[in-house]
Amino acid sequence: MESKIKRIGVLTSGGDAPGMNAAIRSVVRTALSKYGMEVKGILRGYSGLINEEIIDMDYRSVCEIIQRGGTILYTARCQEMMTEEGQQRAAEVCRKNGIEGLVVIGGDGSFRCAQKLSALGINTIGVPGTIDLDIACTEYTIGFDTAINTAMECIDKIRDTSTSHSRVSIVEVMGRKAGFIALYTGIAGGAEDILVNERYDGNEQAIIDHIKRRQQTGSKHHIIINAEGIGDSVEMAKRIQEATGIGTRATILGHIQRGGTPTCKDRVYASMMGSVAVDLLAFGQTNRVVAYKNGTYTDFDIDEALSMKKDINEYMFQTATDLTR
Ligand code: F6P
C-alpha cells in the first residue's frame, strides 16, 4: 500500500514491559511488508536518539523475539529529553537520518516527549507499553497481563508458606502511582486486604482488627497486597506483628514483575497496536496514541490522551473488598 512517509523509526522508552518486543516486531514487519517503508531501530529510548544510536531493521532482525521479555532495543528514562535542547537535538537527529515518523512504545512520560517531537515536525505515534495499566486513554497497556500473572504466581507461593506458619504476609506489587496491579492480583490471589493508592486511607488499625477477627475464627493465613505507592511494606509488617503478636513478613516482588515471557494476551495486543501505529504513520498522522477501548483498537490525540484521568473501577474495588471480608 501507498504510504505518505518512506522511513520510520521505532524506540522503547521508560520501564520495560513484557510484549514490547512483540510490538517492535509488528512495527517493523507492518512497515516493511504492508507499506514498503524503511525502518530504523533506535537504541536506549530517547537517550539513544539524542546520541544517534540508530540501527537498520529488516524482516530478520525481529525473528525469534515475540516470545522474549524485555526489549531488544533497550530502554532508558531520559532526563535530557525533558529539556528543549534535548528535544531539538532529537528532532535534528531524526531529520539527519531521514526519519519522518517515529513509533514510541512507552508510558505517559514517553508520550509527552513524543508530543514535543511532533510539534518540531517529526510525525510521532505512541504505543502504550507499561505494566502499570496507568494510561488513561486505553483499557489495555502492553505488559500488564504478564506482570499480573507473574505476581499472582508469586502470591500463590507465598500463601503456602503463610498458611504453613500461620503468618501474615504482605506482598508489595509494583505501581508507584496506580493500584491496578494490586487490585487485579489481590482479587486473583484471594487476598484478605488489598491496599491501593487510589483508595487506601491509612487506617492500619482496621487491618489489624481484620487479622485478629480472622484468627479468632481459625484462619491460618492473612495475605495483604500492597501497591508500591502505599508506603514502606517492611515497616508495616513490623507494626502489624507488634500489634497482633502474629509473625508477619513482607515480600517486595519488584522487578520480577517486569520481566519474563509475555503472555498470549500481551503478544496479541502488542502486535495489533504496533500495526495500528504504522497504519497511522502511513496515513500521514502525527501526535496520536494507539488505544484499546470498548473492544476495538483506536487512537487519540496525544494532548487529549494526556489530559484524561483514570481511576480504578469502583464496582471492581467494592467487589474486591466484599470478597476479602
Ligand atoms: O512504570 C513501571 C514501573 O515498574 C512502576 O510500577 C515502578 O514504580 C517503576 O516502574 C520502577 O522504575 P525503575 O525500574 O526505574 O526503578
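This is a predicted model: local features need pLDDT of at least 70, side-chain atom pairs count only at pLDDT 80 or more; totals for chains, interfaces and linings use all residues.
Trainee: Which domains does the chain have?
Mentor: Domain 1 takes in 7-143 + 262-307, and domain 2 is 145-258. Those bounds come from an automatic or database domain assignment.

Trainee: How far apart are the C-alpha centres of domain 1 and domain 2?
Mentor: The two C-alpha centres are 34 Å apart.

Trainee: How many residues are in contact between the domains?
Mentor: On the domain 1 side 15 residues are in contact with eleven residues of domain 2. Contact here means heavy atoms within 4.5 Å.

Trainee: And how much area do domain 1 and domain 2 bury between them?
Mentor: About 1,100 Å², with 55% of it on carbon and sulfur atoms. Buried area is the accessible area (1.4 Å probe) that two parts lose on being put together, summed over both.

Trainee: Which residues of domain 1 lose the most area to domain 2?
Mentor: Ile 131, Asp 132 and Leu 133, which together make up 42% of what that side buries.

Trainee: How many salt bridges are there between domain 1 and domain 2?
Mentor: The count is one. A salt bridge is a side-chain nitrogen of Lys or Arg within 4 Å of a carboxyl oxygen of Asp or Glu. Separately, Asp 16 and Arg 258 meet through their side chains in a salt bridge, at 2.8 Å from N to O.

Trainee: How many residue pairs are in polar contact between domain 1 and domain 2?
Mentor: Nine, both residues being at pLDDT 80 or more. A polar contact is a pair of N or O atoms within 3.5 Å; within protein, one must be able to donate a hydrogen and the other to accept it, and residues adjacent in sequence count only if both atoms are side-chain atoms.

Trainee: New topic. Where does Thr 138 lie?
Mentor: Thr 138 is in the loop between strand S5 (123-128) and helix H5 (144-164). Helices (H or I, at least four residues) and strands (E, at least two) are DSSP runs, numbered from the N terminus.

Trainee: Is Thr 138 buried or exposed?
Mentor: Thr 138 is buried, at a relative accessible area of 1%. Buried means under 20% relative accessible area, exposed over 50%, and partly exposed in between (1.4 Å probe, protein chains only).

Trainee: What is Thr 138 in contact with?
Mentor: Leaving aside neighbours within four places in sequence, Thr 138 is in contact with Pro 128, Met 273, Ala 291, Tyr 292 and Lys 310. A polar atom of the Thr 138 side chain lies 2.9 Å from the backbone nitrogen of Tyr 292.

Trainee: Back to charges. How many salt bridges does the structure hold?
Mentor: The structure holds 15. One of them pairs Lys 40 with Asp 56, at 2.4 Å from N to O. Lys 40 is in strand S2 (residues 38-42) and Asp 56 in strand S3 (residues 54-57), so the pair ties together parts that are 16 residues apart in sequence.

Trainee: Is Lys 40 buried or exposed?
Mentor: Lys 40 counts as buried at 13% relative accessibility, whereas Asp 56 is exposed at 58%.

Trainee: What does Arg 214 form a salt bridge with?
Mentor: With Glu 192, the closest N and O atoms being 3.5 Å apart. Arg 214 is in helix H7 (residues 204-216), and Glu 192 is in the loop between helix H6 (180-188) and strand S7 (193-195), 22 residues apart. Both Arg 214 and Glu 192 are buried.

Trainee: Which residues are linked in a network of salt bridges?
Mentor: Glu 52, Arg 89, Glu 92 and Lys 96.

Trainee: Last one. What is phi of Glu 64?
Mentor: Phi of Glu 64 is near 60°, a positive value in a residue other than glycine. Most residues other than glycine have a negative phi. Glu 64 is in the loop between S3 and helix H3 (84-96) and counts as exposed at 62% relative accessibility. Tyr 74 also has a phi near 60°, and Tyr 74 is partly exposed at 45%.

Terms used
Residues are numbered from 1 along each chain as its sequence is written. Side-chain values use heavy atoms; hydrogens and water are left out.
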